[in-house]
Amino acid sequence: MSILSSNKLRPLSLGFPTLDDVFPGFELGDFIVLQGNAASLMSFVLSVRAQLPRENGGLDSSAVFVDGGNSFSPYEVAETARDYGLDCKAALERVYVSRAFTAYQLSSLVLEKLYSVLRKTRARLLIVSDITSLFLDRDMPKTEGRELFMKVCSKLSAIASEKQAVVVVSYFPEGQSRQSVFFEAVLFGKSDILLKLKRRGQVLSVALEAHPRIRPFSMDFTADQPSNRVFGGVSFGEDRSVL
């Protein structure tokens, strides 16, 4: 297992001391897929942690949150901010949210507007939630959906690299249809890092499944551990539009 310790190399950490010793976090330029029933919650945690100073494992940055699954929760973000000793209102104001209700809206946001939004907000973290669900809508033509999804994944990869941003998407597998399998293959093929996060009762399991430099590993945390204080009291899961 490779251990990286330099914050200059991996500026955005996950905030679990034991885990951070092995996996310090995400580099600027990384395109990350979060999968599992705790992926949404981790995206909220990251939107707050990005605001922390670099010496505390953050990016000293705001975040842009493209909500493709109608899952963004200001309550969860505010509670996380409180856990980190931040002003809740100020933390929420640094998360710029736009919801997409169709695959066409999501594609338009990613393909046409994100570059300018990231420039205006100076955000170094971009989150796209539930990236495949809108493309699997029964009203979405399959061939067109595939073409758009490939363009979206390519654009997100390019944004990570060209804007030197941390790009995070949450992904929730929906069955094993040909369309869903195709989307998963495209998404995993374009991403740099695949991290699975599963919560079972008071246990949070973290598994690194793909990374260009670190070998896969898995670790478990319990809610009563200090390192898991943010996850311990938060339940799982309206809108400040900027796009």
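I take contact to mean heavy atoms within 4.5 Å. With that rule I looked up glutamine 179, which touches Leu136, Lys142 and Arg146, not counting residues up to four places away in sequence.

**Entry 1. Ground rules**

I am working on a predicted model, where local features need pLDDT of at least 70 and side-chain atom pairs count only at pLDDT 80 or more, while totals for chains, interfaces and linings use all residues. Residues are numbered from 1 along each chain as its sequence is written, and side-chain values use heavy atoms, with hydrogens and water left out. I take helices (H or I, at least four residues) and strands (E, at least two) as DSSP runs, numbered from the N terminus.

**Entry 2. Glutamine 179**

I placed glutamine 179 in helix α7. I call a residue buried under 20% relative accessible area, exposed over 50% and partly exposed in between (1.4 Å probe, protein chains only). Glutamine 179 has 7% relative accessibility and therefore counts as buried.

**Entry 3. α6 against α7**

I fitted axes as lines to C-alpha atoms, for helices over the stretch in contact, with angles that run from 0 to 180 degrees between N-to-C directions. The axes of α6 (residues 142-162) and α7 (residues 178-190) cross at roughly 15° and come within 9 Å. That makes α6 roughly parallel to α7. The scale I used is: under 35 degrees roughly parallel, over 145 roughly antiparallel, 65 to 115 roughly perpendicular, and the rest oblique.

For the hand, I call a crossing left-handed if the near helix is turned anticlockwise from the far one by less than a right angle, and right-handed if clockwise. The crossing of α6 and α7 is right-handed.

I then listed who makes the contact. From α6 come Lys142, Gly145, Arg146, Phe149, Met150, Cys153, Ser154 and Ser157, and from α7 come Arg178, Gln179, Phe182, Phe183, Val186, Leu187 and Lys190. By class, this contact of α6 with α7 holds seven nonpolar, four polar and four charged residues. My classes are Ala, Val, Leu, Ile, Met, Phe, Trp, Tyr, Cys and Pro as nonpolar, Asp, Glu, Lys and Arg as charged, and the others, Gly among them, as polar.

**Entry 4. α5 against α6**

I repeated the check for α5 (residues 103-121) and α6, whose axes come within 9 Å and cross at roughly 15°. α5 and α6 are therefore roughly parallel to each other. α5 passes α6 in a left-handed crossing. On the α5 side I noted Tyr104, Ser107, Val110, Leu111, Leu114, Tyr115 and Leu118, which meet Glu144, Leu148, Lys151, Val152, Lys155, Leu156, Ala158, Ile159 and Glu162 of α6. The class count for α5 with α6 is 11 nonpolar, one polar and four charged residues.

**Entry 5. Aromatic pairs**

I paired rings of Phe, Tyr and Trp (its six-membered ring) if their centres lie within 6.5 Å; planes under 30 degrees apart count as stacked, over 60 as edge-to-face and the rest as tilted. By this rule I count 11 aromatic pairs.

Phenylalanine 44 and phenylalanine 72 have ring centres 6.0 Å apart and planes at 85°, so I logged the pair as edge-to-face. The pair links distant parts of the chain, 28 residues apart: phenylalanine 44 is in helix α2 (residues 39-49) and phenylalanine 72 in the loop between β2 (63-67) and α3 (74-83). Phenylalanine 44 is buried at 3% relative accessible area, and phenylalanine 72 is buried at 7%.

For phenylalanine 149 and phenylalanine 183, the centres are 4.6 Å apart and the planes at 40°, so this pair is tilted. Phenylalanine 149 lies in α6 and phenylalanine 183 in α7, so the pair ties together parts 34 residues apart in sequence. I found phenylalanine 149 and phenylalanine 183 buried. Phe135, Phe149, Phe182 and Phe183 form one aromatic cluster.

**Entry 6. Alanine 39**

Alanine 39 is found in helix α2. With 0% relative accessibility, alanine 39 counts as buried. Leaving aside neighbours within four places in sequence, I found alanine 39 in contact with Leu34, Ser170, Phe172 and Leu197. From alanine 39 to tyrosine 171 I have 7.7 Å in space, C-alpha to C-alpha, and 132 residues in sequence.

**Entry 7. Serine 191**

Serine 191 sits in the loop between α7 and β6 (193-200) and counts as buried at 13% relative accessibility. Apart from neighbours within four places in sequence, serine 191 is in contact with Phe31 and Val33.
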